[in-house]
Amino acid sequence: MGKSGFVSLLGRANVGKSTLINRLVGRKISIISPRPQTTRNRIIGVKSGPFGQVVFMDTPGVAFHKSALSKSMIQAAEKAGAECDLAVFMADATSPDMEGDREAINRLGLDKGEGDIILAINKVDAIPKERLLGQIDKLRGLAKFIEIIPISAKNGENVDKLFELILERMPEGPAFYPEEMTTDQPENFVIGEIVREKAFLLLGQEMPYSVAVEVDSIEDKPGVTVIIMTLYVERDSQKGIVIGKNGAMLKKIGSSARLEMERRLGVKVFLDIRVKVKEKWTSNRRAFRDFGYGSE
Ligand SMILES: Nc1nc2c(ncn2[C@@H]2O[C@H](COP(=O)(O)OP(=O)(O)OP(=O)(O)O)[C@@H](O)[C@H]2O)c(=O)[nH]1
Ligand SMILES: [Mg+2]
């Protein structure tokens, strides 16, 4: 029998959790952006091999906004932290924030001394090496870490080593998921997330926090897959930002998302994105659960 276990990736928003899960699994299953609070729910990434199977859980970054959506996002992370065999707490070497890390650790219940935690200090490709030791010294007291490892999720530095450390701690057991499965996200959700990622990347600072995407239909026609989806925002002014002058922004978002969908699905895609206002959805639990965000 091989190894089999659950590992949660936890930390403040924007530290690189989604970048790391994609690298560990070897496939893009979680979207990435330079803005905090990109990931909105727990996303499972499965890595299978001769060693057995490790199930990683990407989680929403811990940020302290007051919206019901933010609170539910933290709950999703707490739940992942409680359900795993091992937690990887990630810190960001390029923007050290001891207080933020401490708050996140407390909020996630990682300060209780229960369960194994590895501290991974990410983005070490982007800082001078001599700054690292000081950071390790400061961070090591935040919880009872069994290992501390500097990594770069972006270029892969030390990620294999991190995986070895993880594997050492995994219990023996049967695999939970079929070997070929890499994520439990429904295809519809993944397709919606691609559009949200492109919106994040193209709108930059202008991106309304409240963008949500819903896939209305996916239809396979001869030679082309027709995907119709709706992008929701909370206010009319945000609708204007997303659509842009003469529809230019929406067009850019659409064509960049379509290219990625075509690569992923291996078919030609016709993509139609509509934009609608759904007032106050981030404070309405029912609404964001319908979108698939937050804790279950
Ligand atoms: N230089 C560098 N940048 C990185 C690295 N890992 C991630 N990033 C960048 O950091 C930003 C945030 O990455 P994400 O993976 O989306 O971070 P996250 O922790 O999932 O963020 P949330 O989902 O918002 O909590 C992106 O711009 C990434 O390209 C790294 O190892 N080095
Ligand atoms: Mg993320």
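The legends below describe close-up views of a predicted model.

Local features are given only at pLDDT of at least 70 and side-chain atom pairs count only at pLDDT 80 or more, while totals for chains, interfaces and linings use all residues. Residues are numbered from 1 along each chain as its sequence is written, and chains are lettered from A and ligands numbered from 1 in the order in which they are written.

**View 1. The two domains of the protein chain.**
The chain is divided into domain 1 (3-168) and domain 2 (187-290). These bounds come from an automatic or database domain assignment. The domain centres, taken over C-alpha atoms, are separated by 27 Å. In contact across the boundary are 10 residues of domain 1 and 11 residues of domain 2. Contact between two residues requires C-beta atoms, placed from the backbone, within 7 Å. The side of domain 1 that touches domain 2 has 4 nonpolar, 5 polar and 1 charged residues. Here Ala, Val, Leu, Ile, Met, Phe, Trp, Tyr, Cys and Pro count as nonpolar, Asp, Glu, Lys and Arg as charged, and the others, Gly among them, as polar.

**View 2. The shell around ligand 1.**
There are 23 residues around ligand 1. A residue belongs near the ligand if its C-beta atom, placed from the backbone, lies within 6 Å of it. Gly16, Ser18, Thr39, Gly61 and Lys154 come nearest. By class, the shell has 8 nonpolar, 11 polar and 4 charged residues. Helix α1 (residues 17-25) gives the largest share, 3 residues. Helices (H or I, at least four residues) and strands (E, at least two) are DSSP runs, numbered from the N terminus.

**View 3. Helix α1 and its cover.**
Helix α1 is mostly covered, with 8 of its 9 residues buried. A residue is buried if 20 or more other C-beta atoms lie within 10 Å of its own, exposed if 12 or fewer, and partly exposed in between; C-beta atoms are placed from the backbone. The buried residues are Lys17, Ser18, Thr19, Leu20, Ile21, Arg23, Leu24 and Val25. Their cover includes β1 (3-11), β2, β3 (52-58), β4 (86-92), β5 (116-122) and α5 (159-168). Glycine 26 follows the helix, and its phi is positive, near 80°.

**View 4. Glycine 45 in strand β2.**
Glycine 45 lies in strand β2 (residues 43-49). Is glycine 45 buried or exposed? Glycine 45 counts as buried because it has 28 C-beta neighbours inside 10 Å. Not counting residues up to four places away in sequence, it touches Ile21, Leu24, Val25, Ile29, Phe56, Asp58, Thr182 and Thr183. Serine 255 is 210 residues away in sequence from glycine 45 and 27 Å away in space, C-alpha to C-alpha.

**View 5. Phenylalanine 51 in a loop.**
The loop between β2 and β3 holds phenylalanine 51. With 14 C-beta neighbours inside 10 Å, phenylalanine 51 counts as partly exposed. Its contacts, leaving aside neighbours within four places in sequence, are Gly2, Lys3 and Leu167. Glycine 2 is 49 residues away along the chain, yet the C-alpha atoms of phenylalanine 51 and glycine 2 are separated by 5.6 Å.

**View 6. The sheet of 6 strands.**
An open sheet runs in the order β2-β3-β1-β4-β5-β6, with mixed pairing. Strands β2 and β6 (147-150) stand at the edges with a single partner each, so one side of each lacks a neighbour in the sheet. Neighbouring strands are turned by 20° against each other on average, direction ignored. Strands pair if DSSP finds at least two bridges between them. β5 and β6 pair in the parallel sense over 4 bridges. Isoleucine 118 stands opposite glutamate 147 in β6. Helix α4 (residues 132-139) packs on the sheet and touches β4, β5 and β6. Its direction makes about 150° with that of β5. Axes are lines fitted to C-alpha atoms, for helices over the stretch in contact, and angles run from 0 to 180 degrees between N-to-C directions.

**View 7. The sheet of 3 strands.**
This open sheet has the order β7-β8-β9 and mixed pairing. β7 (212-221) and β9 (269-277) are the edge strands, each with a single partner, so one side of each has no neighbour in the sheet. The twist averages 15° from one strand to the next. β7 and strand β8 (residues 224-233) run antiparallel, joined by 9 bridges. Aspartate 220 has threonine 225 in β8 as its bridge partner. Helix α6 (residues 187-203) lies across β7, β8 and β9, at about 120° to β7. Helix α8 (residues 248-265) packs on the sheet too, touching β8 and β9, and its direction makes about 135° with that of β9.
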